Each structure stands twice: as C-alpha cells, then as structure tokens.
Amino acid sequence: MEPKTLITGFPRIGEKRELKKALESFWSGKSSIEELEKTSANLRKKHWQIQQSKGIDLISCNDFSWYDNMLDTIVMLNAIPRRFQSISDKINRYFAMARGSKDAVAMEMTKWFNTNYHYIVPELSNKIRFSLDASKIIKEYEEAKALGISPKINLIGPLTFLGLSKTENGDDPYNHLGAVTTVYKELLEKVSELDETVYVQLDEPMMVKDPSQKQLELLKETLDCFAAVAGNVRIILTTYFEHSVEAVTLLTNTPLWGIGLDFVHGPDNIKAINSLNGKKLIAGVVDGRNIWINNLEQSLELLNKIAEKTDRRNIIISSSCSLLHVPFGLENEPDNSVNNWMSFAKEKVEETVLLSRLFNNSKQTENDQSLLEQNRATIIEKETSPLVVNNEVLERQKISKTNQREGSSDERLMLQKNTFKLPPLPTTTIGSFPQTQEIRRLRRNFKKFEITSEQYEEGIKKYIDECISEQEEIGLDVLVHGEPERNDMVEYFGEMLEGFHFTTNGWVQSYGSRCVKPPIIYGDVSRPNPMTVKWITYAQSKTKKIMKGMLTGPVTILNWSFVRVDKPRSEVSKQIALALSDEIRDLQTAGIKIIQVDEAAFKEGYPLRKMNIADYETWAVENFRLAVSQAEKGTQIHTHMCYSNFKDIVDTLESMDADVITIETARSGNSLLKIFKESGYKNEIGPGVYDIHSPRIPSVQEFSDQIVSRMEVLPMEQLWINPDCGLKTRKWEEVKPTLTNMVKAVQEIRSA
C-alpha cells in the first residue's frame, strides 16, 4: 500500500526533557555512556510508536541526535577538523567538537535558517579525506525495523551541508561536492541492502534561499547521480521554510520518487505543482513551526487546489518541516483558556492523519466529521475571543511614531565617555550569571506558593549581593545584577506582559541539551507594571560601579515566541516595542545610565528570500528604535546579537543606532569584526572573547591573544571586552576563573 502520511521529523529531547537530563548527567560524569545510550534508544522507540499508533505511514529515523544533525553529518562524512582528530574515542570526540575540550575550541555554532535552533558549522579544508561512517544510520534503521516500524532515513542533503559550511581561505565549499557526493552514493548503496524498499529523505532547505543557477545545476547533477545508484531506494527531496519553485522546475525530469514542499511558509510552492511530472508530492500543510491548531477547512481547500494540478493519488499529507521546532504534546498542560487553540507535535501528528482521511475520503467516520465541526468552532472562538483584543493598545499603536533619539551617535558617545569615565577596553558581561540549583529551586518554590514573597525576595537579593561581590572582586568595570529572578530572557518579560500565554512543559530544543520554553503571543500586548526596575535599582544601590539595566528587545521577543497569525508580525512587534519604551523610561528615571536591549534573534528573523528582506528590516529597525526612543543622550544603549553572519546587514545594524553592540566572535575569530571595520561602523563594539557554550577555562595568555587580535582590526577606543553571551548555563567554578583571566588580560594590555 502506498504511503499517504509522512512526518518530516520529530522532536528528540523527550516529553519530559529526558535526553537533556541524560546528556548533562553524562557530561558531568554522573552516568555512563551505556545509560545515555539506553535513554536514547527508549526515546526513539517511544517517538516512533507514537507516530505509528496515530497512523503515520512514513516515520523518520536518523532525525534523532545527541547534539545536532549537522554534527552527525560531519561524523558520517568523516569531515573531522584537525584539532579533534587526535581524540581516539569517537564519543568524546563528538562532544568535544560540539562543546570544546581542554585543548581544542569547539566548532562554530549558528542559527538554522530563520529558526532559533542552532547547528554546528562544518569546517572544510583540502586536507579532509571524506569517507563513510554509516553506523548510526544503520543502527537506528534496524532498531525501527525490529519494532515493526517502516522507517525513512532522514539526511541533510549535500548541497545544504556544503552551503552551510565554512572553508579555509574562503574557498568555494562546493569544490568539495564531488568527494561528498561519492560518500553519499556509497551510503545509498549500503542502505539499499537494508530492505526491499528503502525511503531516504534528503533535506535541501538551501534551495529556498534564492538559489543560484550554479546551485540548481549542481543539485540536478547530484540527484541524477543518486537516482541511478539503487533502484529500490526511493529518494524524497525535501525543502521547507519557504518556496523552492526554481529547484522543482529544474528537477522535473530527475527520477526522484517524491518532493516535499512547505505550503505553510512557502505558499508560492503551488506554482511548482505542474513540474512534478508524476512524482509524489509530500504536501506540508500542517505547520511544523507554530503551535496553533490547523484550520482543517483551509488545509482541505488548499489540498483540493493542489489536486487540480496533479493526481491526488500522488499527494502525501505531511508536516511543513520537522516538528523539532514545536513542543512535544499538550497532555501535560494544565487546563486554561488557550489550550484548545494550540497543537504541539503529538497533536500535529493527529492533524496530519485526520487531514489525510478527510482528503482521501477513505475510512471517514462520524467522528471525523465531528472533529471537523469541532475544529471549525474552535477557529471561530479563537478569532472572536475578547482575550485577543485590547482597544487601548490598538489606539496607542495607531497614533505612535518612531522618535529619533536625542543627539548624533558621536555626540552621545562623547557625553557618555565624559560621564562614565570608563578605562580603555571596558569589561562587562552580557547579563546573566550562573543559574544555580538554589536559585531555580527558589523560583520554583515561589511559583508553587511554598514560600512567602518575603522569603523569595530575600533569596533573590542574596544572590544579587553575591553576584555584585564576585564581579567587584574580579574587577569588571560595568556590572550586571545576574538575573536570578529570570527563568529565560523572553519568558521573564512575557510573564509580565498582557497578551502572552506560558506553557508548563512546552520545551523546545535550541541546541544540544539547551531547551527553551517559548512564550505564546495570542492577543494584543501591553505592560501593566514595571518589569525590571525593582531589581536593577536594588542592585545599583549595592555598588558604586555602573549597573546595566537588562531588557530583551521587541524583535527578539517576537522571534523567540510562537506568534499569533491573525495579525502581521510587524504590528505585534510594535506593541512589544511600546511596552519596552515605557520600561526604559522608568529605568532612566530611576537613575540607570546604561541599558542593554538584547536583540539576539534580530538576524534569525530575516526572510529567506531577498525580495522580502527590505520590508522586514524596515519594521524591525523601526521597532527597536521605538523601544529605545525615550533614552536621553546621556543614557547609553547597548544591544547584543549572537551567532549570526552580519556581512549583509551592517548598514541595518548602524541604522538601529545603539551606542554599543556586543557580538559573538570567540568561535569565529575576527571574521565578523572585520565586517564592521570594512563598513566603517562608528559606534562601539564588544566582540565576545569567551565562548560560554564550552566548559573550557581559557588562560590569561589566550585572552590576551584574542584581545590583541581584535585590536588589530579596530582601535582600542572602540572596543569593549566581554563574553559571547549570557553565563546562565555555566557553573560558578568555570565562570569566576574565566572572567578573572579575562580581566587580568585586559589590565595587562592597558598597562603595556
């Protein structure tokens, strides 16, 4: 029987974050590799059986990973950077590549297209000798078969793997395509022996990013080559996050079995249907990136339009992309007024199967029709609920305009230098300090009403006091309060803003064992009360040094949330910006002179198609400037961005008009900083010199070398020295010696 349903990929972290806990236990030496492998096998089994029990025909294997699928592909291709090749134990080497080791800096990490998931960036050189290691793929396939699962093998496609790689001396990564293709061909031949029919999903999302003619031709050549390898291997080319009309059109005569297209975030994909030429269409109509229930009637209408252009028997209903980007399931969420509007991974599996039944008019039951009616009623309820609309917010939004900050950037920075009198290469951190078990327990107990407000505040103040004491002892110039009251840089603010909902167990993987619980923006956004003033002003009262106020910017709050789909994202962002502008006014009135407005997710929100970028840049910059518009000349505005390629947006960053921008450079070296120099960027920059995603403790000399290298690009007067990102995931025994070494290195350079 031909498959009718497919899930592009499934979350792997576990319903209760079992993988996160197993990984961190293993990394800390509290458990063995055997225990990690057992937990992993149990999770794979559970996730496969969930999909099987719901009625999914093609279930992914090899979508599971201990850290990242790009890292798994690096291992599969033996594309191991030289600095890790001396590590003989494969598992230790794998985690060293991701997290660093005593002797080797971790591989660079950046955002997966325009999502908040991070991938490990492959490092390619002419010295790499690609060869196949298919052990993980074969092991997981055989596990699935033993459970009675009909698996498809998920692979990152070679064009995407190479397109997301970095190379020595800036060489074209596609120079390696011949060698990489040879390994993929060998893999396809090997997996063809696993079963009478083997399904292989090749993910090539690079094809949604305005692919060049060269990329398109290389894709066609590669897939033509693969299609000839083994007749029993059914290859599914999959793209997502946007349309890939150019690729599908070019591949009309390539003998692929199927093509997976995202019709949620790439509606133009309907233009490619006529080019399928008898191939199976894996129709991604269930949103894999957002948590709202599927509008079944709209999806069925779309599927019927698609069926007018191709044989409906060739249509396979699917998620728009991997469900990695949404939480596991709703069943562990407490009852609330928003739950009925939401759909997580397990529910999206059910929606996929239900849509298939309704579309194919097979095995329909009265229950299916009842579910369709119930869905229709819920959609209407969501659109008309009084929870969604706040007329005061809408009126303020209508009349508000972006105000220009007082003074030019040169004028502001001169005034601030004269006021603050900071030394050259001022040192600071990005905001958060280690979130100890005691602090997490304190917040948890307070939320459960197990302690009083007085006990909670006493515990928070105690941590802030200790945090300030540690920073003063280390010798940092600009301090932070450590953020002990904050569970997450977005969740914390969303909890105090109207129009946000928060889940109890809505965890989503960001990288490795790091999980986030994105807010859900369901209605108009407003700020009933100040959000940070109390704790920042308390911290400032405890030190004579400058204390930074810490806020998360409007674009990042938007991009790291699940956002309502009944209103343009630009309007939702503007509502958040207005709320933050009130917070900055109050912080300023309370005497806080440096305020950091983090826009860590600014770049990841960029559209994948160039034609859509100008509109995004316009409203994203306007909303940042609106948020900081009440800052006076003497108030220094910092912003922080992490793990992004800024080459094509430096002019946009300059138009944001922040006085200081801090960026990640610990893993990437000076390549990002040179972009700012070449563009003539005038404001101050804090290029990160401490990789906070690694447990390594760099020496004073290592920091000194990093700082001197930064000074070779930009003058000392323009530089701040800081870590890459916040320190909440690190331990004090790592953070204190590392920051001490960082400050010592700065002091030695100042006195040289």
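Where is Asn-277 found? Asn-277 sits in the loop that runs between strand S10 (258–262) and strand S11 (280–286). Helices and strands here are DSSP runs, numbered from the N terminus; a helix (H or I) needs at least four residues and a strand (E) at least two. The phi angle of Asn-277 is near 55 degrees, a positive value in a residue other than glycine. Most residues other than glycine have a negative phi.

This is a predicted model, in which local features need pLDDT of at least 70, side-chain atom pairs count only at pLDDT 80 or more, and totals for chains, interfaces and linings use all residues. Residues are numbered from 1 along each chain as its sequence is written, and side-chain values use heavy atoms, with hydrogens and water left out.

Start with the whole protein. Its secondary structure comes to 25 helices and 23 strands. The radius of gyration is 26 Å, close to the 27 Å that the globule rule gives for 752 residues, so the protein is as compact as a globular protein of that length. That radius is taken over C-alpha atoms, and the globule rule is 2.2 Å times the number of residues to the power 0.38. Along the principal axes, the C-alpha trace spans about 75 × 60 × 50 Å.

Now the interior and the surface. Buried residues account for 62% of the 752 residues. Buried means under 20% relative accessible area, exposed means over 50%, and partly exposed lies in between (1.4 Å probe, protein chains only). The protein exposes about 29,200 Å², and carbon and sulfur atoms supply 48% of that area. Accessible areas come from the Shrake-Rupley method with a 1.4 Å probe; for residues, only the protein chains shown count as cover.

Contacts come next. Contact means heavy atoms within 4.5 Å. Among contacts between residues at least 6 apart in sequence, 77% join residues at least 24 apart.

Glu-485 gives a local view. Glu-485 lies in the loop between strand S13 (478–479) and helix H17 (491–494). Its relative accessibility is 5%, so Glu-485 counts as buried. Beyond its neighbours within four places in sequence, Glu-485 is in contact with Arg-443, Tyr-456, Ile-460, Tyr-492 and Trp-535. The side chain of Glu-485 also makes a polar contact with the side chain of Arg-486, at 3.1 Å. A polar contact is a pair of N or O atoms within 3.5 Å; within protein, one must be able to donate a hydrogen and the other to accept it, and residues adjacent in sequence count only if both atoms are side-chain atoms.

Asp-582 belongs to helix H20 (residues 569–589). Asp-582 is buried, because its relative accessible area is 9%. Not counting residues up to four places away in sequence, Asp-582 touches Arg-396, Arg-527 and Gln-630.

Is Lys-398 buried or exposed? Lys-398 has a relative accessible area of 65%, so it is exposed. Its place is in helix H13 (residues 391–399). The C-alpha atoms of Lys-398 and Gln-201 are separated by 47 Å, and the two residues are 197 residues apart along the chain.

Thr-110 is in strand S3 (residues 109–111). At 14% relative accessibility, Thr-110 counts as buried. Thr-110 and Val-508 are 398 residues apart in sequence and 17 Å apart in space, C-alpha to C-alpha.

End at Arg-17, in the loop between strand S1 (5–6) and helix H1 (18–27). Arg-17 has a positive phi, near 60 degrees. Its relative accessible area is 21%, so Arg-17 is partly exposed.
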